[in-house]
Amino acid sequence: MDRKPLIAANWKMNSAPAGAYSEDSPYRTHSAVDIYVFPTFLDLPAAIHAGLIVGAQCGHSEASGAHTGDVSMPMLAAAGCHSVLCGHSERRAGHGETNEIVAAQAIAALEAKLHPIVCVGETAQDRDHKKEKGIVEKQISCLPLESNIILAYEPVWAIGTGKTASPEQAEEMHAFIRSLLPADMRSSTRILYGGSVKPANAEELLRKPDIDGFLVGGASLDPAAFRSIVMTAIALKTSL
Ligand code: PGA
């Protein structure tokens with residue numbers, strides 16, 4: 001099955017880049033390539049109003065209640081969000097989000113008709129001990145594997161470090177993740193790569209058969225760099 005590439009911009013705890021909401025913004029979605037942006041909660045309304053396809057960087061698994069500082073999945077959907085990140089490694093490490101918590105968030109997101117991008121990936125230590133596949137398999141095994149779910153393989157050692165997984169390392173893990181999916185989802189589920197994606201490495205990663213796009217952090221804050229990554233994806237897609 002033909003999987004439409006998806007390039008997602010994770011702005012993390014940063015304001016929207018200059019020109020993000022302009023007519024010729026590189027963050028606008030495209031007929032050949034889906035483009036999603038993940039601003040802070042405060043910037044969600046402006047990004048939605050500007051007509052971008054928007055997601056939140058996290059959401060709580062409960063619909064409402066005594067959860068100071070949190071926002072629920074139905075609230076995000078009602079505000080006009082299309083997607084939500086679940087289990088980003090910075091949330092797992094900095095906010096104690098376990099596999100079970102991430103799975104509960106993904107279930108809540110699907111129930112709210114959001115398209116969750118669930119992040120998985122191993123640490124440098126896991127890889128040094130050759131445990132990367134076991135760790136990722138455990139992260140995936142908890143998840144509700146339904147058709148609206150999108151997965152992102154983000155090796156923790158490659159996030160914000162400038163160290164990208166080689167295209168071969170990334171493809172090996174993407175193919176492994178795909179093999180873990182139920183047979184009826186295997187060819188349709190998009191699996192993104194994330195971790196120091198930049199214009200210089202986008203093409204060789206995207207040429208791999210099981211890499212369906214990117215979750216871009218640092219480079220997504222630079223509109224010119226992000227545009228270049230998007231143009232690479234469009235060029236590859238339209239040359240097929
Ligand atoms: P990075 O971040 O591109 O800055 O490595 C990716 C991510 O955290 O999603």
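Colleague: How many bridges join strand S1 to strand S2?

Modeller: Please note at the outset that this is a predicted model. In it, strand S1 (residues 6-10) and strand S2 (residues 34-38) run parallel and are joined by five bridges. Within this pair, Ala 9 stands opposite Val 37 in S2.

Colleague: In which order do the eight strands close into a barrel?

Modeller: The order is S1-S2-S3-S4-S5-S6-S7-S8, and the pairing is parallel. From one strand to the next, the twist averages 25 degrees.

Colleague: Which strands does helix H9 lie across?

Modeller: Helix H9 lies across S1, S2 and strand S8 (213-216). Relative to S1, the helix runs at about 165 degrees.

Colleague: How should I read the packing of two helices, and at what angle do the axes of H8 and H9 cross?

Modeller: Two packed helices are described by the angle between their axes and by the distance between those axes. Here, the axes of helix H8 (residues 199-206) and helix H9 (residues 223-239) cross at roughly 25 degrees and come within 9 Å. Angles under 35 degrees count as roughly parallel, and H8 and H9 are therefore roughly parallel to each other. The crossing in which H8 passes H9 is right-handed.

Colleague: Which residues make the contact?

Modeller: From H8 come Pro 199, Ala 202, Glu 203 and Leu 206. From H9 come Ala 225, Ser 228, Ile 229, Thr 232, Ala 233 and Leu 236. Sorted by class, the contact of H8 with H9 has seven nonpolar residues, two polar and one charged.

Colleague: Let us turn to single residues. Is Gln 105 buried or exposed?

Modeller: The idea is to compare the relative accessible area with a cut-off: buried means under 20%. Gln 105, which has its place in helix H4, has a relative accessible area of 5% and is therefore buried. Leaving aside residues up to four places away in sequence, Gln 105 touches Gly 59, Ser 61, Met 73, Cys 86, Gly 87 and Glu 97.

Colleague: What is the relative accessible area of Ile 107?

Modeller: Ile 107 is also found in helix H4 (residues 99-111). Its relative accessible area is 39%. Exposed means over 50%, and partly exposed lies between the two cut-offs, so Ile 107 is partly exposed.

Terms used
Residues are numbered from 1 along each chain as its sequence is written. This is a predicted model: local features need pLDDT of at least 70, side-chain atom pairs count only at pLDDT 80 or more; totals for chains, interfaces and linings use all residues. Side-chain values use heavy atoms; hydrogens and water are left out. Axes are lines fitted to C-alpha atoms, for helices over the stretch in contact, and angles run from 0 to 180 degrees between N-to-C directions. Helices (H or I, at least four residues) and strands (E, at least two) are DSSP runs, numbered from the N terminus. Angles under 35 degrees count as roughly parallel, over 145 as roughly antiparallel, 65 to 115 as roughly perpendicular and the rest as oblique. A crossing is left-handed if the near helix is turned anticlockwise from the far one by less than a right angle, and right-handed if clockwise. Contact means heavy atoms within 4.5 Å. Ala, Val, Leu, Ile, Met, Phe, Trp, Tyr, Cys and Pro count as nonpolar, Asp, Glu, Lys and Arg as charged, and the others, Gly among them, as polar. Buried means under 20% relative accessible area, exposed over 50%, partly exposed in between (1.4 Å probe, protein chains only). Two strands pair if DSSP finds at least two bridges between them.
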